[in-house]
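Good morning, everyone. Please look at the screen while I talk. I will go through contacts and pockets.

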Amino acid sequence: MSAFVTILIVAKALNFLQIFIIPTSGNEPTLNAGTICIGTNLIKPKKFDFVIYTQENSKFEKGFYCQRLVAIENDVVLIKNGDLYINDKFVDNQFMLNHAYIIERDYYNWLVTNKKKDVNSIFEVEENKYLAQLNKNDFNEAFKRERYIDNEEDTAISKTFHKPWNADNFGPIKVPKGKMFLLGDNRNASLDSRYIGFVDVGNLHGKLIFPIR
């Protein structure tokens with residue numbers, strides 16, 4: 001057994017490290033489903049780091065979650081037409097994010113063939129119209145695309161925050177003392193603080209250190 005593996009085993013046994021596999025597509029394109037990750041509680045996370053925390057909202061699956069820490073206590077969170085603002089400052093330009101787009105069949109075929117997009121992640125919404133989660137690396141100016149913005153109330157969100165909000169139009173809301181607000185990078189396909197609510201700082205287990213993001 002190598003010294004590195006021994007160090008990993010000891011650190012995990014002492015709860016200094018968390019080793020886990022990303023189970024869903026909620027953080028794509030930054031962290032793909034199936035990615036092996038390592039987190040540590042020896043390094044204090046900063047805003048916009050990926051962190052590991054315990055999800056305890058009984059309305060959703062409990063367990064360890066890994067998402068981007070976008071706001072801490074006293075920050076004001078606003079999502080307007082799918083764009084994130086923290087304390088009135090647009091912040092999404094710092095990240096590579098997936099957003100929902102309406103595309104046509106020719107673009108669908110190109111994505112599946114050239115970008116190896118999973119056909120199960122693209123949904124037909126009407127004849128020759130598809131809903132796909134795309135980032136800048138998926139764009140091809142030879143094909144039409146239209147950003148999809150949801151304007152209907154999301155009942156799962158409104159049950160948590162008691163406001164007629166949805167994933168694309170949310171807030172403004174101030175993060176309470178001792179709480180955090182987290183989002184997945186796959187903005188229209190992530191179970192995060194928009195649904196589960198604010199997360200207690202005491203449920204934070206550490207910062208993601210591998211893969212480096």
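Let me start with a term. Buried means under 20% relative accessible area, exposed means over 50%, and partly exposed is in between, using a 1.4 Å probe and protein chains only.

Now the ground rules. This is a predicted model, where local features need pLDDT of at least 70 and side-chain atom pairs count only at pLDDT 80 or more, while totals for chains, interfaces and linings use all residues. Residues are numbered from 1 along each chain as its sequence is written, and side-chain values use heavy atoms, with hydrogens and water left out.

First topic: salt bridges. Side chains of opposite charge can pair when their charged atoms come close. Here a salt bridge is a side-chain nitrogen of Lys or Arg within 4 Å of a carboxyl oxygen of Asp or Glu. By this rule there are 11 salt bridges.

Take K179 and D200. Their closest N and O atoms are 2.2 Å apart. K179 lies in strand 13 and D200 in strand 14 (residues 199-200), so the pair ties together parts that are 21 residues apart in sequence. A word on elements: helices (H or I, at least four residues) and strands (E, at least two) are DSSP runs, numbered from the N terminus. Is D200 buried or exposed, or in between? At 30% relative accessibility, D200 counts as partly exposed. K179, at 24%, is partly exposed too.

Next, D185 and R68. They meet at 2.7 Å, N to O. D185 sits in the loop between strand 13 (179-183) and helix 4, and R68 sits in strand 4, so this bridge ties together parts 117 residues apart in sequence. D185 is buried, with a relative accessible area of 0%. R68 counts as buried at 8%.

There is also a network: salt bridges link K46, D49 and K207.

R68 leads us to the rings. R68 lies over the face of F95, at 4.2 Å from the ring centre. The rule is that NZ of Lys or CZ of Arg is within 6 Å of the ring centre and within 35 degrees of the ring normal. R145 does this as well: its charged end sits over the ring of F139, 3.7 Å from the centre.

Rings also pair with rings. Rings of Phe, Tyr and Trp (its six-membered ring) pair if their centres lie within 6.5 Å; planes under 30 degrees apart are stacked, over 60 edge-to-face, and the rest tilted. The structure holds 14 aromatic pairs. F48 and F95 make a tilted one, 5.5 Å centre to centre, with 55° between the planes. These two residues are 47 residues apart. Both are buried. Elsewhere, F161, W165, F170, F181 and F198 form one aromatic cluster.

Last topic: pockets. A pocket is an open set of points on a 1 Å grid over the protein atoms alone, where a 1.4 Å probe fits, with protein on both sides within 12 Å along at least five of seven lines; lining residues have an atom within 4 Å of a point. Grid points are joined across faces, edges and corners, and a volume is the space filled by probe spheres set on the points.

The largest pocket holds about 540 Å³. Its lining has 27 residues, and S25, S121, Q133, N186 and A189 lie nearest the centre.

The second largest pocket has about 300 Å³. It is lined by 14 residues. Strand 4 gives the largest share, four residues.
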